[in-house]
Amino acid sequence: MRNDIDLSRGLLGHWPGDRSPDGIVRDRSPEGNHGSYGIDARWIWFTNPRAIRHVADRERTYFCYLGGPTGRDVVAAAYDHDARSLETTVVHESFSVDDHTNPSLFVRNDGRVLLFWTGHNGDALYHTVSCDPESVASFGPRRTIEQESVTYPNPVRSPDDPGTLYLLYRDRIHTHDATDDKYGYIGDGNLYYRVSEDDGLTWSDQTRIAVPPEGHYSLYFVPARSDDAIHLFFTDAERGGDAPKWNVMHVQFREGSFYAADGSLVAGPDDLPLTISDLEVVYDSSAEGNHYAWIWDAATDDAGNPVVAYATFPSTLAHEYRYARWDGRRWHDHHLTDAGRYVARRPIELHYSGGLSLDRDDPSVVYGCVWRGERCELRRFETATGGETWAELAVTRRSVGRDIRPVVPRNAGDDVPVLWTTGSYEHMDTAQTVLRGLPADQLAGPTLEGDGRHGVDLGFDRYDAAAFVNGVSVAAGIEPRDVTVPQVLANVGGSATLGIELDGESGVVFSLSGPDGRTTVSWDGLVANERRHVAGIWDGRGRLSLAVDGDIVDEARFAGPLALETGGTSWTLLKDEYLFDHGYDGTAEEVRLYDRALSTAELRSLAE
C-alpha cells in the first residue's frame, strides 16, 4: 500500500469480515455502525408455543419463526443438542412480511411436529405435520380451515385427555367499517377454540369462548396448561398504538366449563360466550394509580396455580413489568422491573415493550428485555419471595441491536434456556431482526459468511441523501459459492446495492437508485469459489463505475441524487432490504462504505 494513500478519508463503514461468538459484526470505522449477524427471524408474542424441547430417541429443541431465505417464509427448525446442529425447513414460502403471522408448533404423541400459521387477520388457518417423528426435514400436505379473520393459533394439549388437542385462536365478527378508524382497525377480536381427537389432523367446528366489548379491537389472550385445567389470561384492547388496553383478566377451562381461580363456576358450555364482566380481574387498569396493561406470558407452578407476566404503561416512554400469581387463596401482584420505552422505531405501536417470557417449568424465573441506558437488552429475573423481590442477571451486554421478544422453550434444556431476536425493529412489517439463543459456537467463525438465510442488520436511518452528495463507494472482497442466483452482499439505505445476478444482469452488479429509476453496472466474469475484490463507485457528478481487482470493468451515467428513503432506511449485509430476499452465499471480507468516489490507486490498494 502506498504511503500517500489515505483509506480512512470519507470512511463510513469498515467491516473486516470477522464476527464475535455472540454474532456482533464490528465496524472498524469511526462511525461504529456495528451489526448483528444471524438467521433472519421474526415473531410476535401471542402465537405460542414457539419453541419446545422434546427428548425421545433424540434431544431436540424445535422452534419456528417467520424468516427464511425470502424473509417472509414460515420456517420450522430443530436444534439437535447432541450433534449441536441446526436443521431448518421452509413450510410456506413468501407467506408474509408481518411478524404477527409467525407459526406455532406442537409435538404430537408419536413425536411428529405439528405446525400452525395464519395471516394477520387472515381468511384461513393452516396446519401441517412432519413426515417423520423427531424431524422437521419434510412436512405433509398443507391443510386449510376457512376462517373469517384469524390470527394467533395456540395449540394446547387437553389436561383431561392426552388424546385430545385444543387449538385456541382469535377470529372476529366484523361489526363496523375499518375506514372509521384512523389506523384501519376492525373491532371484535373474539377467542375461539377447535378440538382434534386425532392429534391435529382433523378439527371440530369452532366454539366461541369470549368476546370483547362491542367495537373494541380485540381480546388478546395467552394460555397456560396445568395438570387439570387450561388457564386463560386476557387484555381488552380498544385499539393498537397507545390506545387503552384494559386489565389483566383470568378464567380457567376444565372439562368444558369455565371457573374462577378459586374453583367457583363462571360458565358452563351452554353459557358461552363469556364477556369481560365474567372474567376475574387480576390487575384493574381503571383503579386509582393503575395504568393500561398488556399480557405477555402465563404459566402454572408445581401446585397447578396460575402465574402471569405483563406490562403496564405509566407512560409510553416508561413501561413497567409486573408479575401476578395465585397462591390457592388469592392473587398476589408485584412490580417486577422498570422496562423503559417502546421498541418500535415507527411511533405507532407505543405499547410494544421489549418483552417477557416465563419459564414454564419454573415460573419463579422470568426473562425480560429491558432498556438499560440506550440499549434494550435481555435480563434473567428470579424470585424466591413469590414476586416481592427479584434478582437480576444480564444475559446480553452492550447489544448492538434491540433484544426483543424472548421465548423460553417448553421443557427447556440448560444449553438453550431462552431464544430471542435482536436487531432493528421499525414496525410489524419492517422488522430487521436475527435469532439469538442457540449455543455460541453456532455463530463462531473467522469470516463473515452467508448461506442464503443469514444476514447482518446494520440498523436504520444512518444518513440521508445529503451525506452522499460527493459520491459513494461500496467495496468488498468476496468468494461466492454460487454465481447463478440473485444475491445481495450489501444494501445501503435501499438505494445502493452490491450483489450478484441482480436486475437482470449477470455476475457482479452494482446499482444505484435515483429520481429516474435504477442504474446498474456489471461484470459477468465471476466464477464460483474464486476470490475477487469488487467495488461500486459513483463520483457524485454522473459517473457510475464497477471495479474488479482494482480495474474499472464497466461504466454508466448516473446523475443522482441517491433516492434514500426518509424515516426508515434499511442497512444490511448478506441480504437485501429488511433482510428480505436474495441472501448472499459465500464469504466476504473488508466490506467498506465511503461517502466519496475511490480513486484508481485506492481501488488497487484495497484489491491488494
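On a 1 Å grid over the protein atoms alone, a cavity is a set of points where a 1.4 Å probe fits but cannot get out, a pocket is an open set with protein on both sides within 12 Å along at least five of seven lines, and lining residues have an atom within 4 Å of a point. Volumes are the space filled by probe spheres set on the points, which are joined across faces, edges and corners.

This is a predicted model: local features need pLDDT of at least 70, side-chain atom pairs count only at pLDDT 80 or more, and totals for chains, interfaces and linings use all residues. Residues are numbered from 1 along each chain as its sequence is written, and side-chain values use heavy atoms, with hydrogens and water left out.

**Stop one: a cavity.** Select Trp 15, Leu 458, Val 474, Ala 490, Asn 491, Val 492, Trp 571, Thr 572, Leu 573, Val 591, Arg 592 and Leu 593, and you have the lining of the second largest cavity. Now colour β36 (487-492), β43 (570-573) and β44 (585-594), which each give two or more residues to that lining; strands here are DSSP runs (E, at least two residues), numbered from the N terminus. The space inside is about 60 Å³.

**Stop two: the largest pocket.** Next up is a space of about 790 Å³. Pick Arg 225, Ser 226, Arg 360, Asp 361 and Arg 410: of the 29 lining residues, these are the closest to the centre. Then show β12 (143-157), which gives the most to this lining, four residues.

**Stop three: the second largest pocket.** Finish with about 480 Å³ of space. Which residues lie nearest its centre? Select Asn 33, His 34, Val 400, Gly 401 and Arg 462.
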